[in-house]
Protein chains: 2
Amino acid sequence: MSDTLTNDRLLRALRRQPVDRTPVWLMRHTGRYLPEYRATRAAAGSFLTHGQESRAGLRGHPAAAAPLPAGCGDPVLGHPHRARRDGPGLYFVEGEGPKFERPIRDESDVAKLAVPDMESELRYVMDAVRVIRRELAGAVPLIGFSGSPWTLACYMVEGGGSDNYGRIKAMAFNRPELLHRLLGVVTDAVIAYLSAQRAAGAQALQVFDTWGGVLSPSMYREFSLPYLQRIARELDRGDGDARTPLILFGKGNAPHLEALAATGTDAVGVDWLVDLSEAARRTGGTVALQGNLDPATLYGSPQAIAREAARVLDDYAAGNGGSREGHVFNLGHGMSPDMDPEHVAALVAAVHAHSAR
Amino acid sequence: MSDTLTNDRLLRALRRQPVDRTPVWLMRHTGRYLPEYRATRAAAGSFLTHGQESRAGLRGHPAAAAPLPAGCGDPVLGHPHRARRDGPGLYFVEGEGPKFERPIRDESDVAKLAVPDMESELRYVMDAVRVIRRELAGAVPLIGFSGSPWTLACYMVEGGGSDNYGRIKAMAFNRPELLHRLLGVVTDAVIAYLSAQRAAGAQALQVFDTWGGVLSPSMYREFSLPYLQRIARELDRGDGDARTPLILFGKGNAPHLEALAATGTDAVGVDWLVDLSEAARRTGGTVALQGNLDPATLYGSPQAIAREAARVLDDYAAGNGGSREGHVFNLGHGMSPDMDPEHVAALVAAVHAHSAR
């Protein structure tokens with residue numbers, strides 16, 4: 001695409017290049033699965049409305065990136081259009097995560113799965129990417145998304161959210177080869193899905209391993225990590241300054257930072273349960289790091305938010321030889337709908353003020 | 001007390017003394033807040049019924065300890081008897097955690113709190129300890145419990161469970177001195193509560209920091225750890241073989257194992273999100289370790305359960321210079337009510353078989 005980015009701090013930070021201040025963007029759950037996200041025009045319209053609200057709320061401190069509406073970043077198999085016929089029957093309930101009418105339980109369920117054709121079956125997502133990219137007109141980069149193979153498999157096997165992931169863990173213990181087969185197909189689909197988003201105009205890509213943190217380290221190394229490695233290795237992202245950076249975000253991924261940095265990803269996104277100084281030391285400058293303010297900080301006063309933002313920024317620098325390079329400021333997880341936009345504005349302002357070179 | 005323990009493996013392992021096989025006991029949520037737990041005789045009766053079921057289920061492989069019914073181990077302030085008058089109004093809903101009618105929100109709420117008199121206001125708990133200790137007749141040691149100051153404060157400020165602990169975190173950010181005052185009173189109560197359980201016959205004591213794992217490391221070091229340190233330092237537990245061991249269990253405590261081992265506790269209980277070899281190496285034999293099988297393993301087949309139990313046992317030994325000493329086998333968290341007692345029996349048998357000297 002020929003549009004020149006006005007604000008390329010995010011991409012520069014993800015490449016560990018110098019920036020004049022630390023870029024910040026926030027993940028948000030708001031309106032995540034509202035029906036309007038599932039049709040191209042409505043999705044773009046809804047996004048742009050939210051974007052304008054954010055810009056107004058941010059009082060001239062726009063964030064450094066525009067995430068694709070989150071509803072577009074979730075399951076890539078059994079999406080609503082084909083689900084009614086032969087897939088697992090994906091559907092959405094307002095305010096909740098994805099659910100499946102026919103959860104994956106045995107080999108015949110796995111055998112029925114196939115990687116959807118991105119430009120026909122998932123055309124509504126790719127059209128949304130194209131529309132949003134055009135509307136952004138180079139103001140900020142557009143980030144594409146997918147759930148991780150393990151996280152998508154959790155929804156597919158459990159049929160929705162879960163308290164203890166008993167069904168998929170039982171499959172892992174009793175039928176590991178079947179779970180690996182499922183994860184293999186899902187990984188193929190995730191790679192195709194991210195590739196298609198990149199081709200449609202996404203300028204950075206993030207994989208959410210939201211449920212990797214429910215796994216013991218030995219299970220994580222068997223059922224989540226290898227599929228993240230495959231994505232980092234097989235997803236063609238281009239080269240040099242034309243490279244589309246990949247971010248592997250994982251809730252509860254602190255025990256695995258070295259392994260994640262070694263996958264070949266460009267960046268690792270971390271939750272708020274690890275000191276960023278430790279994360280930076282352990283990854284040793286081989287990847288950019290994204291994070292990691294506790295989202296609940298946004299319930300604090302603007303003064304407290306500024307203090308905590310400075311702590312996170314300085315914590316990163318302390319583990320990175322005193323340099324802020326290679327840091328993308330973010331929350332350790334998504335914002336909640338009841339958080340005050342004024343507090344978000346205070347956060348963005350504080351990050352920019354404290355990190356200005 | 002003059003009863004001699006038939007099975008003292010738990011106490012020996014908590015003191016890091018040699019044992020002929022690794023002791024195992026399980027935390028369970030079953031019937032946690034049923035009304036019958038709240039009256040002395042009923043609590044004891046209910047426990048003993050469960051105990052008999054377990055023994056039947058365990059087919060001659062009894063566990064190494066008898067935990068006090070969990071309903072007795074929770075909040076020590078504002079218990080049901082006094083709540084109606086002036087306390088925060090603790091009540092229980094079947095199948096859920098504790099709830100408060102009048103959550104703690106400001107200084108006047110904190111000012112009203114007082115440490116209850118254990119042998120009058122919490123006499124029903126102490127009577128339960130005495131009855132159960134007598135009925136056990138030395139078969140296995142009786143473990144007394146309390147929530148941690150941070151965890152109890154979470155329930156008191158949030159008014160019950162919470163998705164993101166926004167209220168108590170807002171207090172931490174905006175009114176840290178008020179939260180510290182609350183935590184101080186709660187810690188006084190926890191110490192008095194555990195002391196009274198010990199005096200009534202509890203032979204080991206465990207503190208559950210169930211919600212410490214929702215805190216960023218810097219907040220954990222400010223709002224949870226110092227109060228665990230106070231408990232370990234100020235709780236009189238006796239000396240030598242008459243010493244009543246203290247276990248500090250915490251979900252999500254992996255980042256803090258060195259700090260927890262340095263509190264002066266006898267043992268640290270860990271969840272399933274850390275390799276026990278790493279935990280053993282990092283604590284360097286200064287404390288016993290309790291854990292850490294993923295509870296969901298009990299949804300697996302008996303073969304899978306045996307394999308995973310062996311993995312946990314060997315993982316501990318690998319980090320402890322090849323020795324199994326100082327290990328208490330447990331789940332990384334509580335059992336769920338839908339878990340099969342036959343699978344629990346398979347787990348206990350597997351731990352005993354694999355760890356026999």
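This is a predicted model: local features need pLDDT of at least 70, side-chain atom pairs count only at pLDDT 80 or more; totals for chains, interfaces and linings use all residues.
Colleague: Let's start between the chains. What makes the contact between Asp294(A) and Lys169(B) a salt bridge?

Modeller: The N to O distance between those side chains is 2.7 Å. A salt bridge needs a Lys or Arg side-chain nitrogen within 4 Å of an Asp or Glu carboxyl oxygen, so the pair qualifies.

Colleague: How is the size of the interface between chain B and chain A expressed, and what is the value?

Modeller: The size of an interface is often given as the accessible area lost when the parts come together. Here the area buried between chain B and chain A is about 2,200 Å², with carbon and sulfur atoms giving 51% of that. On the chain B side, Phe173(B), Leu273(B) and Tyr299(B) lose the most area to chain A, together 25% of what that side buries.

Colleague: How many residues are in contact across the two chains?

Modeller: There are 30 residues of chain B in contact with 30 residues of chain A. As for polar contacts, 14 residue pairs between the chains are counted, both residues being at pLDDT 80 or more. Helix 7 (166–174), helix 9 (217–223) and helix 13 (302–319) of chain B each supply at least two residues of the side that touches chain A. Helix 7 of chain B gives the most, with 5 residues. By class, that side of chain B has 13 nonpolar, 10 polar and 7 charged residues.

Colleague: Now to chain A on its own. Why is strand 5 of chain A described as largely enclosed by the rest of the structure?

Modeller: Because 6 of the 6 residues of strand 5 (residues 204–209) are buried. Both faces are covered: Ala204(A), Gln206(A) and Phe208(A) are buried on one side, and Leu205(A), Val207(A) and Asp209(A) on the other.

Colleague: How do you know that strand 5 of chain A pairs with strand 4 and strand 6?

Modeller: Pairing requires at least two bridges, and strand 4 (residues 142–147) is joined to strand 5 by 5 bridges, so that pair passes. Strand 6 (residues 246–250) is likewise joined to strand 5 by 5 bridges, so this pair passes too. Strand 4 and strand 5 run parallel, as do strand 5 and strand 6. To find them on screen, look at Phe145(A), whose bridge partner in strand 5 is Gln206(A), and at Phe208(A), whose bridge partner in strand 6 is Phe249(A).

Colleague: What makes helix 7 of chain A mostly covered?

Modeller: In helix 7 (residues 166–174) of chain A, 7 of the 9 residues are buried. Among them are Ile168(A), Met171(A) and Phe173(A). The buried residues pack against helix 6 (149–158), helix 8 (176–200) and helix 9 (217–223) of chain A, together with helix 13 of chain B.

Colleague: Why is Arg230(A) called buried while Glu234(A) is called partly exposed?

Modeller: Buried means under 20% relative accessible area, and Arg230(A) has 17%, so the label buried applies. Glu234(A) has 40%, which lies between the 20% and 50% limits, so Glu234(A) counts as partly exposed. The two form a salt bridge, with the closest N and O atoms 3.1 Å apart. Being 4 residues apart in helix 10 (residues 225–234) of chain A, they are separated by about one helical turn.

Colleague: Is Leu136(B) buried or exposed, and how do you know?

Modeller: Leu136(B) has a relative accessible area of 8%, which is under 20%, so this residue is buried. Leu136(B) lies in helix 5 (residues 123–136) of chain B. Leaving aside residues up to four places away in sequence, Leu136(B) touches Ala66(B) and Leu142(B).

Colleague: One more in chain B: what makes Asp314(B) and Arg324(B) a link between distant parts of the chain?

Modeller: Their side chains meet in a salt bridge (3.2 Å, N to O). Asp314(B) sits in helix 13 of chain B and Arg324(B) in the loop between helix 13 and strand 9 (327–331), 10 residues apart. At 35% relative accessibility, Asp314(B) falls between 20% and 50%, so the residue counts as partly exposed.

Notes. Residues are numbered from 1 along each chain as its sequence is written. Chains are lettered from A and ligands numbered from 1 in the order in which they are written. Side-chain values use heavy atoms; hydrogens and water are left out. Contact means heavy atoms within 4.5 Å. Buried area is the accessible area (1.4 Å probe) that two parts lose on being put together, summed over both. A polar contact is a pair of N or O atoms within 3.5 Å; within protein, one must be able to donate a hydrogen and the other to accept it, and residues adjacent in sequence count only if both atoms are side-chain atoms. Ala, Val, Leu, Ile, Met, Phe, Trp, Tyr, Cys and Pro count as nonpolar, Asp, Glu, Lys and Arg as charged, and the others, Gly among them, as polar. Buried means under 20% relative accessible area, exposed over 50%, partly exposed in between (1.4 Å probe, protein chains only).
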